[in-house]
Structure formats: structure tokens, C-alpha cells
Amino acid sequence: MYVDFCLYICRIIIYKSINMRYGIIGTGAIGGYYGAKLARAGQEVHFLLRSDYGYVKEHGLQVDSCDGSFHLADVNAYEHTEDMPPCDVVLVALKSVNNGKLQTLLPPLLHDHTLVVLIQNGIGVEEDVQKMFPDVQLAAGLAFICSAKTEPGVVSHQCYGSINLANYSCRDEALMQTVVDEFRQAAIETGLVEYNEARWKKAVWNMPFNGMTVALHTQTDLLLKNASTRQLIREQMMEVVGAAQHLGVKNVDEAFVDKMIETTDAMTPYSPSMRLDYDFHRQMEIYYLYTRPIEIAREAGYSMPKLEMLEAELRFLEKNV
């Protein structure tokens, strides 16, 4: 035990003595925000961009933030991962509907010890990405943030901004801790959490609010100001809690539901990512946010009827509106 602890400390010291290189796949509201914060703190960060590559290359990346706005004038911006260097940590902030593209996007960025952090919504994303890359070290990134990117090169950070990291298949705990430390040095509230607990806790908020803002064409604040929808949101949250508990997940309970509702009451009126995808006629993340967790719960003998109905409504809207 003592020898293992000493090795752990030594590895942390080694990581802190080298310049960790970060890659961002998906420089949108989430990847753009966390990548920009890391770069501003002095980390070497390389950004993959799509439609606004030319704009960011010429004008840089602007973060309009409730915590203080800032501008990155000199951005390591790329259109193709083949042009990017191998990275020690890759933050994947793509929408999960695009995960099939990782088969070609990720390999140029990998070396033998690269850690890939999936900052994505839903249940089951790590399992499926691990099937694509059996030997790659994966972690989940659970962001609690209100952020949007609705114009080229500009990230609008409205409130919150913390992120938790959960180990899925990383073989080196010291590397995980170093990433947490470097996020904290970049003024990002960050913690290390247990994987299943973290994913299902995120689902407690995501499953009700993402879909309901689409189905009722509204924002988070109005859902909670109306007594009927506030009660429905709570019931949907409790379905997620019930599924998590049925699966043996710890620390997901009614008290956590109360905390999430209280936190959302204090939140700036917000359109979650699924609502923005719907508004901009993009494919919604229905599979990992609804279909997969509903299937997993059902296989374990637990049903979520209210969320099953919401999933059906979202499938209808995606195909018919």
C-alpha cells in the first residue's frame, strides 16, 4: 500500500513537471469554454473547429462569461485532426449523435497513454466508444454549465461552469488527478467522482429538462414556475432516481432531486442543448439521453413511463416538425 502511494505521488510529480498537451474535439459551447479556460491559464490546447475555423483562425476565440469575459487572440485552430499533434488529454465535446466520426477523428491525436474525456450527455457513451477503441483510456466529463455558441467564434457562458471527471477505464489515477488539478488551476471547479453515480446524477437533470423544453417549446425557468409542470419535472426526476437505485447506484435519492430543483430555480432562464439542437434543426441526442437509459432500466426490471412518453414525443417532433 505504501509503495503504491509513493508511486502515485511520483507520477503526479512527473505529470506536473511536463507540459500536458490538450486536444479539443468539438469547439462549441462546452469544448470552447473549457478549452479556452485551459489555454488562458497557460496550458497548450489545440482546437478542432468546423464551420467557424476561418473566423477563429483570423479573429480568435471570445468567451462572454458571467465570471468575466476574455479573448484568446492566438488560437491553435485546425480543420482536420490529421494536422493536430498527439495529445495527452483529448476532450470530446461533440454531440453524441456524431460519435461515429470518432473512428477517424481520434486516432491522429492518440499516443499510448492518452486520456480521452467524453464531455457528453447520456448513459452508455463510454461503453460504445470503448468498443471502437478497446485500448484507449476513457473518462466521463460531467459538466454542470449554462453555455451556448450561437455565432462564430463566440461562447456565451451564462452561469455555473463546474465539471466532474469520472474514471471509466483510465489505468493511471495520477493522470486523472493531474487533469483535475490543471482544471482547478484554470479556475474551473472540478472534482473526481464515481462513474455510475456521476452519469445517473447528470441524467436526473438532463432527462426531464432537455426533453421538456423541446416538447413544450419553453425554457427551464417557466417549467418550474408552473405548478403542473414543476410537479411533472419532479416525477420524471424521481423515475431516474428509481432506475438508478434499482441498478445499485449509490447517493442518487430524493434529496438530490430537491437540490437539482433548487439549483435550477436559481439558474438563469436557460435553453438546454437539446432545445437548441431542435431550434437549429439539428439531430437531437435522443438515443443516449432517453432510449439507452430506458432500455437499461427496463432490462433490470424497472420502467420509467413518464420518460418513455417524453421519448416518444421527441421522436415524433424530430421526424415531423
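Tutor: Let us begin with His-281, which is found in the loop between H11 and H12. Those labels come from DSSP runs, numbered from the N terminus, with helices (H or I) of at least four residues and strands (E) of at least two. The model is predicted: local features need pLDDT of at least 70 and side-chain atom pairs count only at pLDDT 80 or more, whereas totals for chains, interfaces and linings use all residues. Residues are numbered from 1 along each chain as its sequence is written, and side-chain values use heavy atoms, with hydrogens and water left out.

Student: Why does His-281 count as exposed?

Tutor: Exposed means over 50% relative accessible area, buried means under 20%, and partly exposed lies in between (1.4 Å probe, protein chains only). His-281 has 72% relative accessibility and therefore counts as exposed. Asn-251, in the loop between helix H9 (227-246) and H10, reaches 52% and so counts as exposed too.

Student: What makes the phi of Asn-251 worth a remark?

Tutor: Most residues other than glycine have a negative phi. Asn-251 is not a glycine, yet its phi is positive, at about 65°. His-281 is likewise not a glycine and has a positive phi of about 60°.

Student: Which residues of helix H5 are buried, and what covers them?

Tutor: In H5 (residues 125-132), the buried residues are Val-125, Glu-126, Asp-128, Val-129 and Gln-130. Their cover includes helix H4 (102-105), strand S7 (115-118), S8, H7 and helix H12 (286-299).

Student: How do you know that the size of the protein agrees with a compact globule?

Tutor: The radius of gyration is taken over C-alpha atoms, and the globule rule is 2.2 Å times the number of residues to the power 0.38. For 321 residues, the rule gives a radius near 20 Å; the protein has 19 Å, which agrees. Of its 321 residues, 55% count as buried.

Student: What makes a space in the protein a cavity, and what makes one a pocket?

Tutor: On a 1 Å grid over the protein atoms alone, a cavity is a set of points where a 1.4 Å probe fits but cannot get out. A pocket is an open set with protein on both sides within 12 Å along at least five of seven lines, and lining residues have an atom within 4 Å of a point. A search of the whole structure finds one cavity of 30 Å³ or more. The largest cavity is lined by Gly-122, Ile-123, Arg-199, Lys-202, Ala-203, Asn-206 and Leu-289, and H7 supplies the largest share, four residues.

Student: What lines the second largest pocket?

Tutor: This pocket has 16 lining residues, with Phe-144, Asn-164, Lys-201, Phe-256 and Met-260 nearest its centre. Two or more residues each come from strand S8 (137-151), strand S9 (154-167), helix H7 (195-215) and helix H10 (254-265). H7 gives the most to this lining, with five residues.

Terms used: Contact = heavy atoms within 4.5 Å. Points joined across faces, edges and corners; volume = space filled by probe spheres on them.
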